[in-house]
Structures are given as structure tokens and as C-alpha cells.
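Biologist: Before I use any of these labels, I want to know where they come from. Show me the model and then take my questions in turn.

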Amino acid sequence: MLRYIVKILLSSAIIALVSEVSKKSGYIGGLIASLPLTSMLALFWLYNDTNNSSKVAELSTGILLFVLPSLIFFFAMPLFLRRGINFYVALALSSGVMMAGYAFFSLILSKFGVRL
């Protein structure tokens with residue numbers, strides 16, 4: 001149980017750090033957010049919990065495969081916001097575009113025999 005609480009606190013602290021730094025500089029907040037901290041923490045916690053390198057390798061490969069379609073969100077969000085679309089609507093639309101990107105990317109991968 002203590003391990004679970006540490007996971008939550010550490011992960012929450014990173015999110016809070018990005019939020020607070022972004023109030024002063026969006027670029028520095030973006031730099032911190034763009035670091036693969038979440039992925040690294042997930043890999044660390046998975047290995048720490050399972051001691052299974054192949055599970056860590058599988059997760060790492062999954063992360064790699066889905067980084068590209070997740071970037072669509074970061075193209076769409078500022079585009080919608082700069083066009084005057086309400087933040088919450090832009091967030092929903094950007095998420096929808098990203099999900100469509102995931103679906104399309106999954107379809108492309110399946111054509112190459114990659115099963116997700």
C-alpha cells in the first residue's frame with residue numbers, strides 16, 4: 001500500500017510542477033512536460049513491481065508506437081485555440097482528433113502485421 005501511495009504522490013508532484021512552472025513560462029513547462037517522465041516512471045514502476053524485463057520492453061515498444069499519433073493532439077490544440085474556440089471544446093476536439101489518429105495508426109500497423 002505504501003508503494004502505491006508513493007507512486008501517486010510522485011506522479012502528482014510532477015503534474016503539479018509542470019502546472020506551476022507553466023504559469024511563469026509556457027516553454028519551460030512544455031519542456032518539462034515533454035520529457036518522458038511519465039513513461040520513465042511507468043517503466044520504473046512496472047519493473048519494480050514485476051521484475052520482468054520483457055513486460056518493460058513491451059510497454060516501451062507500445063509507448064514508442066503511440067508517440068506519433070499522440071503528437072496530433074499538440075498540433076490540433078493550439079490550432080483550435082488560436083481560432084478562438086473555447087478551451088474545453090478545443091480540448092475535446094483535439095482529443096477526438098488524437099483518438100482518430102490512434103485508430104488510423106493502429107490500422108496502418110495492422111497492415112504490417114503489428115497486433116496491438
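Modeller: This is a predicted model. Read from one end of the sequence to the other, the protein chain runs α-α-α-α-α.

Biologist: What makes the protein chain more spread out than a compact globule?

Modeller: The radius of gyration is 17 Å, while the globule rule gives 13 Å for 116 residues. The value is well over the rule, so the chain counts as more spread out than a compact globule. Along the principal axes, the C-alpha trace spans about 50 × 40 × 20 Å.

Biologist: How many helices and strands does the protein chain have?

Modeller: There are five helices and zero strands.

Biologist: What share of the residues in the protein chain is buried, and what is the accessible surface made of?

Modeller: Buried residues are 18% of the 116. The accessible surface comes to about 8700 Å², and carbon and sulfur atoms account for 71% of that. As for contacts with a separation of 6 or more, 45% of them join residues 24 or more positions apart.

Biologist: What makes Phe87 and Tyr88 an edge-to-face pair?

Modeller: Their centres are 5.1 Å apart, with 80 degrees between the planes. That angle is over 60, so the pair is edge-to-face. Tyr88 has 62% relative accessibility, over the 50% limit, and therefore counts as exposed. Phe87, at 40%, falls between the limits and is therefore partly exposed.

Biologist: Which residues make the nonpolar surface patch of about 760 Å²?

Modeller: The patch is made by Met1, Leu2, Tyr4, Ile5, Val6, Ile8 and Leu9. Leu9 is found in helix 1, residues 2–24.

Biologist: How do you know that Leu9 is exposed?

Modeller: The relative accessible area of Leu9 is 57%. Exposed means over 50%, so the label applies to Leu9.

Biologist: Where is Leu37, and why is Leu37 called partly exposed?

Modeller: Leu37 sits in helix 3, residues 37–50. Its relative accessible area is 24%, between 20% and 50%, so Leu37 is partly exposed. Setting aside neighbours within four places in sequence, Leu37 is in contact with Ile14 and Ile32. Leu37 and Ser11 are 26 residues apart in sequence, and their C-alpha atoms are 8.9 Å apart in space.

Biologist: What does Ile72 touch, and why is Ile72 called partly exposed?

Modeller: Ile72 belongs to helix 4, residues 53–82. Not counting residues up to four places away in sequence, Ile72 touches Val97, Met98 and Gly101. Ile72 has 29% relative accessibility, which is between 20% and 50%, so Ile72 counts as partly exposed. Ile72 and Asn48 are 24 residues apart along the chain, with 32 Å between their C-alpha atoms.

Notes
Residues are numbered from 1 along each chain as its sequence is written. This is a predicted model: local features need pLDDT of at least 70, side-chain atom pairs count only at pLDDT 80 or more; totals for chains, interfaces and linings use all residues. Side-chain values use heavy atoms; hydrogens and water are left out. Helices (H or I, at least four residues) and strands (E, at least two) are DSSP runs, numbered from the N terminus. The radius of gyration is taken over C-alpha atoms; the globule rule is 2.2 Å times the number of residues to the power 0.38. Buried means under 20% relative accessible area, exposed over 50%, partly exposed in between (1.4 Å probe, protein chains only). Contact means heavy atoms within 4.5 Å. Accessible areas come from the Shrake-Rupley method with a 1.4 Å probe; for residues, only the protein chains shown count as cover. Rings of Phe, Tyr and Trp (its six-membered ring) pair if their centres lie within 6.5 Å; planes under 30 degrees apart count as stacked, over 60 as edge-to-face and the rest as tilted. Patches are made of residues with over 30% relative accessible area and no salt bridge: like charges are joined within 9 Å, nonpolar side chains (Val, Leu, Ile, Met, Phe, Trp, Tyr) within 5 Å. A salt bridge is a side-chain nitrogen of Lys or Arg within 4 Å of a carboxyl oxygen of Asp or Glu.
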